[in-house]
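User: Please go through the chain contacts and ligand sites of this model with me, in questions and answers.

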Amino acid sequence: VTGTSTNTSPPLSGSITVFAAASLTGTFTELAKRFEAKHPGTTVNLSFAGSSELVTQLTAGAPADVFASADARNMARLTAAGLVDGEPVDFATNTLEIVVPPANPASIATLADLARPGVKTVICQAKVPCGSATVAVEKAAGVTITPVSEELSVTDVLGKVTSGEADAGLVYVTDVKGAGARVKGIPFSESGTAVNTYPIAALTASARPAVSAAFVRFVVGAIGRSVLAAAGFGAP
Amino acid sequence: MTLAFSASLAARGFDVTLDVARGETVAILGPNGAGKSTALEIIAGLLRPDSGHAEWDGTALFRLDGGPRGAWLPPHRRGVSLLAQDALLFPHLSALDNVAFGPRSAGVGTDAARATARTWLAEVEASDLAAVRPGRLSGGQAQRVAIARALAADPNLLLLDEPLAALDAAVAPTIRRMLRRVLEGRTAIVVTHEVLDALTLADRVVVMNRGVVVETGQTREVLERPRHPFTAELAGLNLVLGTRTAGGMAADWGELVAPAASIVRGAAVAAAIRPSAIEVSLEPLPGRDNSVPVTVIDLEPRGDSIRVRADSLSADVSPGRAAALDLAPGDRVFFGFDGEDVSLYGSERPSTLR
Amino acid sequence: MTLAFSASLAARGFDVTLDVARGETVAILGPNGAGKSTALEIIAGLLRPDSGHAEWDGTALFRLDGGPRGAWLPPHRRGVSLLAQDALLFPHLSALDNVAFGPRSAGVGTDAARATARTWLAEVEASDLAAVRPGRLSGGQAQRVAIARALAADPNLLLLDEPLAALDAAVAPTIRRMLRRVLEGRTAIVVTHEVLDALTLADRVVVMNRGVVVETGQTREVLERPRHPFTAELAGLNLVLGTRTAGGMAADWGELVAPAASIVRGAAVAAAIRPSAIEVSLEPLPGRDNSVPVTVIDLEPRGDSIRVRADSLSADVSPGRAAALDLAPGDRVFFGFDGEDVSLYGSERPSTLR
Amino acid sequence: MVAVAAVGALFVLLPLAAMATRVDWANFLALVTSESSVAALLLSLRTSVAATALCVVLGVPMALVLARTTFWGQRLVRTLVLLPLVLPPVIGGIALLAAFGRQGLLGHTLELLGIRIAFSTTAVVLAQTFVALPFLVLSLEGALRVAGTRYEAVAATLGARPTTVLRRITLPLVLPALLSGAVLSFARALGEFGATLTFAGSLQGVTRTLPLEIYLQRETDPNAAVALSLVLLVVSVAVVALTLRTVPGPAGAP
Amino acid sequence: MVAVAAVGALFVLLPLAAMATRVDWANFLALVTSESSVAALLLSLRTSVAATALCVVLGVPMALVLARTTFWGQRLVRTLVLLPLVLPPVIGGIALLAAFGRQGLLGHTLELLGIRIAFSTTAVVLAQTFVALPFLVLSLEGALRVAGTRYEAVAATLGARPTTVLRRITLPLVLPALLSGAVLSFARALGEFGATLTFAGSLQGVTRTLPLEIYLQRETDPNAAVALSLVLLVVSVAVVALTLRTVPGPAGAP
Ligand SMILES: Nc1ncnc2c1ncn2[C@@H]1O[C@H](COP(=O)(O)OP(=O)(O)OP(=O)(O)O)[C@@H](O)[C@H]1O
Ligand SMILES: Nc1ncnc2c1ncn2[C@@H]1O[C@H](COP(=O)(O)OP(=O)(O)OP(=O)(O)O)[C@@H](O)[C@H]1O
Ligand code: MOO
Ligand SMILES: [Mg+2]
Ligand SMILES: [Mg+2]
């Protein structure tokens with residue numbers, strides 16, 4: 001797969017709307033800019049929200065051309081609704097990492113430390129994507145975390161740690177990277193047992209299928225790969 | 001009849017029939033809670049009676065005899081303007097614009113309406129208050145502006161609820177005079193507690209008590225020959241009710257000598273006696289036709305005389321005489337007066353009024 | 001002096017000094033907007049004057065001479081009860097509980113307070129209204145309950161703002177009598193438009209106009225010898241102001257013959273003439289000491305006489321005489337009266353009152 | 001005019017009705033009686049009652065001070081006090097964290113006193129109070145201003161001390177407004193989501209109130225979310241309708 | 001009492017102040033003048049103004065009908081109309097979708113008319129109107145009830161037709177309440193988040209209002225989120241403080 005298109009018979013033009021998972025905010029903003037630069041005459045509008053929120057909007061008729069989900073399950077919901085044009089393509093993966101405040105007040109080093117009594121750990125609730133990943137790593141490590149809060153989104157987990165409220169949390173690698181110096185990431189060995197895959201697809205309702213397809217190819221292509229990798233996403 | 005009104009409202013024990021001829025001014029008198037304000041509110045269309053009907057100059061104001069879902073003309077289409085017991089000036093408008101409100105509602109332009117308003121403000125001697133908001137007016141000032149506002153609306157029927165109650169002694173005569181002038185030829189109903197208002201403003205009076213009409217008639221006639229104690233009190237007369245006898249009448253406290261009016265014996269009669277016609281003495285007064293033993297209840301100084309209120313009658317005596325008698329409440333004294341000072345008349349109206 | 005009061009409030013053009021002795025009842029008279037209610041509100045502590053001071057029985061009510069940040073006793077600690085111009089009954093309490101409010105605030109138990117309240121309701125003839133909420137009372141009924149409430153608080157100083165204004169003719173005398181009884185020996189200030197109230201209730205009157213005191217003195221003295229046109233109007237007297245001459249006084253419309261009182265020539269004098277002492281004639285009246293040509297402004301029927309208002313004077317004539325004269329506004333007539341009917345006195349008070 | 005009013009009412013009522021049509025009535029009972037739903041509902045009721053009580057305790061004096069005194073900067077204080085009404089709740093949550101969080105302004109002090117707010121039911125109550133308080137203050141202050149000080153002045157001249165005036169005149173006069181303010185506060189607390197999420201977290205039985213539970217269910221089971229929303233809606237309607245005695249209708253005629 | 005009031009005020013003011021301390025002042029200007037921030041602020045202002053206008057147009061007749069007429073089921077209607085006040089906004093968004101979405105009750109009808117509401121700027125305005133309308137209705141209805149019908153009755157007896165009474169008496173009398181209701185509506189619309197996200201989506205320049213932008217920034221740049229929150233807060237305060245003339249203070253003495 002290549003990101004350079006040499007055979008663009010008619011030049012691409014027009015605007016498309018991309019619905020992307022909230023965790024893709026930084027990377028997709030960057031990618032959209034680069035895509036527009038490469039294809040003058042195109043505009044990429046971005047709408048970010050939680051993946052499941054976006055699926056709800058799309059099934060309710062939200063006009064969009066491309067959907068990038070943070071997990072396979074939500075993409076499957078959309079496919080089942082008959083809104084996906086062709087097969088979704090996986091374009092990135094994400095794994096969990098322990099996140100602690102920079103000073104690491106509870107001296108966390110391993111996943112097992114999160115289960116220590118007295119440690120205020122926050123995780124995602126099992127029903128949301130990062131939560132199901134959390135359940136998987138717990139099972140693999142044989143650890144049972146008793147959290148002080150089961151958040152509804154990964155952002156809220158991160159928020160509790162950056163604000164210093166919690167001693168530790170489990171978030172995606174990309175979140176740790178995005179938060180920069182405000183947190184410290186602690187990789188753990190069992191993280192590989194729960195790899196979260198990000199699929200992308202053009203939508204049947206797209207008024208500009210050519211541009212939509214080109215954007216999907218662009219994300220999956222080399223430039224997309226490098227931007228995503230820089231943000232901490234793994235290869236599919 | 002221009003206004004033919006009949007309505008009852010059980011919640012207030014109100015049941016009144018009332019007629020007003022075109023151009024006539026009727027005064028409603030009566031004690032507190034008699035239903036005077038209620039009558040005006042029903043006529044103005046602000047209060048809905050249980051049943052009844054009213055017609056004004058041929059058009060029905062309401063017709064609720066068939067039950068509460070009958071005809072009902074909304075207040076603004078009645079051509080009736082009500083000056084309520086409290087001034088109720090619109091707080092967000094200046095005195096001038098309050099008065100101009102009626103003309104403006106009738107479709108007159110702003111400037112013309114304001115000119116009319118200025119005229120009426122001048123009539124109530126409130127020209128200097130034109131720019132003032134109601135919140136900054138004293139009680140009597142507000143009342144004057146409210147009078148001007150009611151008059152400026154140029155209503156077919158004008159309802160005034162105690163229009164002069166809050167006015168000072170200096171301005172009251174002026175406004176009374178102005179009212180007399182503007183009520184000339186207009187149809188109006190005036191609620192008042194002042195006999196002077198009734199005398200100067202009204203052609204006819206209606207006396208109410210406990211929700212019903214107890215007397216009605218020409219103002220002077222009713223006030224000179226009251227049949228109801230309230231009316232007598234208002235007119236400043238002693239009223240004695242009883243039965244016609246050969247020499248006069250039998251009151252419940254004895255026989256009263258009075259001139260032989262052409263009233264058959266046994267008929268219910270009323271006698272009116274002016275307090276100033278009564279002499280007060282510590283001894284019986286055999287020289288007088290009537291000498292009534294009474295107990296003094298109260299002494300009330302009034303200007304150039306003192307009113308001696310006793311259990312059944314009141315007398316006015318001069319301050320000098322009062323000092324000489326050295327009266328005090330509880331004293332037993334005699335009230336003397338002659339038959340010619342007693343005005344005797346039938347106490348039942350020809351009509352079926354109760 | 002029990003109450004020594006002096007205050008000014010520029011926003012209302014108010015500047016008054018007033019003293020009330022212990023046990024004295026003072027009536028404040030004056031036209032609308034004179035500042036009567038303002039005076040009461042300042043004394044009660046509801047309105048803050050710009051400057052001034054007031055002392056009650058040795059304790060300072062306020063002392064704002066040093067500026068607005070001076071001493072200020074809050075209303076509830078003044079022992080002053082105010083019956084405002086509108087009844088302002090607490091809408092969420094029954095009439096009984098309204099009246100019981102004062103005693104309860106003084107620490108009396110519920111039952112005892114209600115008993116007291118019942119007594120006072122009976123005094124104002126409103127016992128049957130005990131259970132009624134204010135929203136369902138007529139104007140006069142509310143006023144009676146308000147009077148009872150003010151009295152039940154048993155204040156050291158009682159302030160009454162037109163207490164009898166809304167009352168009907170039948171109940172007003174009863175309540176006036178009751179007030180007279182309870183004011184006996186109490187310190188009170190009563191604002192009124194009724195000369196009868198001043199005569200029956202007050203030991204002394206204070207006449208206000210445009211924010212200042214214009215007359216003060218013993219009630220009878222002030223009302224018999226008014227020095228201010230408003231007072232004269234209130235007292236029902238003709239007032240003529242002028243200068244003492246040999247034969248009487250010089251008014252601006254000519255010479256007035258009056259008995260030689262011991263007043264030096266050239267002094268400012270006032271003359272009071274009762275309207276009933278004046279004879280009205282179409283021709284000059286040479287037989288009278290005074291025969292004044294006047295223009296009729298208005299004719300006002302009042303009970304057994306008719307008041308003829310002219311440009312400078314008013315006269316009372318009998319209805320028969322009025323009919324014989326066939327008077328109408330605009331007519332030129334002569335008012336005749338004798339010197340002995342003129343009461344002549346100095347028009348400047350010894351004090352520096354203006 | 002009535003037609004426009006009807007359009008307005010429809011605009012609000014239609015969505016509510018439409019939502020009701022989305023309810024999976026067959027499984028309704030099962031959906032709303034699941035352990036997590038019941039736990040969330042009970043927690044919501046408990047915390048909302050506590051928050052309402054706190055609103056009354058804090059809000060009544062605030063309304064009195066705002067309505068009955070004048071002080072420098074009063075208008076600014078009033079505006080600021082009303083802000084939570086209009087602030088996106090998530091921002092409110094951030095602000096609460098900044099004040100009462102472990103690293104917040106008061107965090108150290110609270111820590112020393114042994115008080116831990118974060119992740120506790122207390123935090124839920126505080127978040128709800130924060131967003132609901134303005135409702136109470138606003139209703140009550142408005143009513144106090146409208147009622148005016150005339151009756152209070154009369155009471156004072158009858159010898160009533162300020163506390164007596166407050167107890168026997170002021171509060172009874174504004175009781176309807178106080179009640180409706182409390183009901184609105186309760187309902188607002190019941191619906192509070194964003195600030196709770198940010199400030200208190202989301203743990204079943206401790207901090208996960210009904211709105212949070214609804215949000216969570218939406219991820220996996222939109223039917224359950226709609227069913228629970230309906231429950232929340234009905235509870236709100238019931239509370240508001242049962243308690244919110246209308247101000248006694250337009251008093252008769254003049 | 002004043003002490004309790006101060007505690008209450010502090011409880012609200014402290015978090016707001018604490019948030020201000022979290023602002024990265026060095027980069028403040030850069031953060032709030034980024035293209036997306038400015039776009040979001042402008043969109044927010046435009047839609048909030050439109051929503052406020054809609055609230056006035058719909059809300060004034062609603063308040064009048066609720067305050068001045070009696071009809072069967074009035075109390076229920078009033079309660080339901082006030083619901084958006086207390087409904088979690090996300091649920092409000094779900095309800096709006098259920099009514100106006102493509103698959104909603106009216107979706108088919110609207111589609112036939114060629115009208116697409118959901119996920120457009122119109123949807124933002126509708127979502128804001130939905131949550132803000134009760135503020136206007138509530139303020140105005142209360143004021144109408146308190147003002148009573150006495151002045152209106154007097155105006156009628158002076159010959160004023162109902163429309164004249166409305167224009168010259170009723171509305172001027174409740175103008176302060178109408179103004180403050182409109183300001184509250186505006187501020188609430190400005191802060192609206194949950195319903196907008198669900199019903200309108202989050203597309204820059206089209207539907208991504210300031211609160212949505214803040215939420216999004218939180219994901220990647222909490223500093224920017226706090227800075228933008230402060231902007232929102234300041235705009236709200238300014239609007240409320242500038243327009244919300246207080247009801248003329250307690251009128252003098254009795
Ligand atoms: N809003 C009301 N609801 C119920 N009853 C009322 C209401 N207003 C007045 N009443 C009662 O109706 C009766 C008549 O009242 P109304 O106001 O007509 O008396 P009024 O003759 O005008 O008395 P006043 O001279 O005191 O003004 C009274 O007994 C009063 O208690
Ligand atoms: N709230 C107010 N603000 C400003 N001026 C006022 C206010 N209330 C009254 N005034 C003015 O103060 C003056 C005195 O008013 P006050 O109410 O004391 O008069 P009053 O003697 O009681 O009159 P009345 O006999 O009409 O009741 C009046 O000129 C009035 O216009
Ligand atoms: O859909 Mo997410 O924000 O990547 O949980
Ligand atoms: Mg009346
Ligand atoms: Mg006064």
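What follows is a set of questions on chain contacts and then on ligand sites.

User: What kind of model is this, and which cut-offs and numbering apply?

Analyst: This is a predicted model, in which local features need pLDDT of at least 70, side-chain atom pairs count only at pLDDT 80 or more, and totals for chains, interfaces and linings use all residues. Side-chain values use heavy atoms, with hydrogens and water left out, residues are numbered from 1 along each chain as its sequence is written, and chains are lettered from A and ligands numbered from 1 in the order in which they are written.

User: Of the eight pairs of chains in contact, which share the most contacts?

Analyst: Contact means heavy atoms within 4.5 Å. On that basis, 86 residues of chain D are in contact with 88 residues of chain E. Of the eight pairs in contact, the one that shares the most contacts is chains D and E.

User: What area is buried between chain D and chain E?

Analyst: Buried area is the accessible area (1.4 Å probe) that two parts lose on being put together, summed over both. Carbon and sulfur atoms give 83% of the area between chain D and chain E, and that area is about 7,700 Å².

User: How many salt bridges and polar contacts cross from chain D to chain E?

Analyst: A salt bridge needs a side-chain nitrogen of Lys or Arg within 4 Å of a carboxyl oxygen of Asp or Glu. A polar contact is a pair of N or O atoms within 3.5 Å; within protein, one must be able to donate a hydrogen and the other to accept it, and residues adjacent in sequence count only if both atoms are side-chain atoms. Between chain D and chain E there are zero salt bridges, and the residue pairs in polar contact, both residues at pLDDT 80 or more, number one.

User: Which element gives the most to the side of chain D that touches chain E?

Analyst: Helices (H or I, at least four residues) and strands (E, at least two) are DSSP runs, numbered from the N terminus. With 14 residues, the element of chain D that gives the most to the side touching chain E is helix α1 (residues 2–21).

User: Which chains surround ligand 2?

Analyst: A residue counts as near a ligand if one of its heavy atoms lies within 4 Å of it. Of the 18 residues around ligand 2, those that come nearest include Ser138(B) and Lys36(C). An oxygen atom of ligand 2 is 2.8 Å from a polar backbone atom of Arg136(B), and a nitrogen atom is 3.3 Å from an N or O atom in the side chain of Arg12(C). The site is shared between chains because the residues around ligand 2 come from chains B and C.

User: Which side chain has a polar atom 2.4 Å from an oxygen atom of ligand 3?

Analyst: Residues surrounding ligand 3 include Gly50(A) and Ala70(A). Ser51(A) places a polar side-chain atom 2.5 Å from an oxygen atom of ligand 3. The side chain at 2.4 Å is that of Ser23(A).
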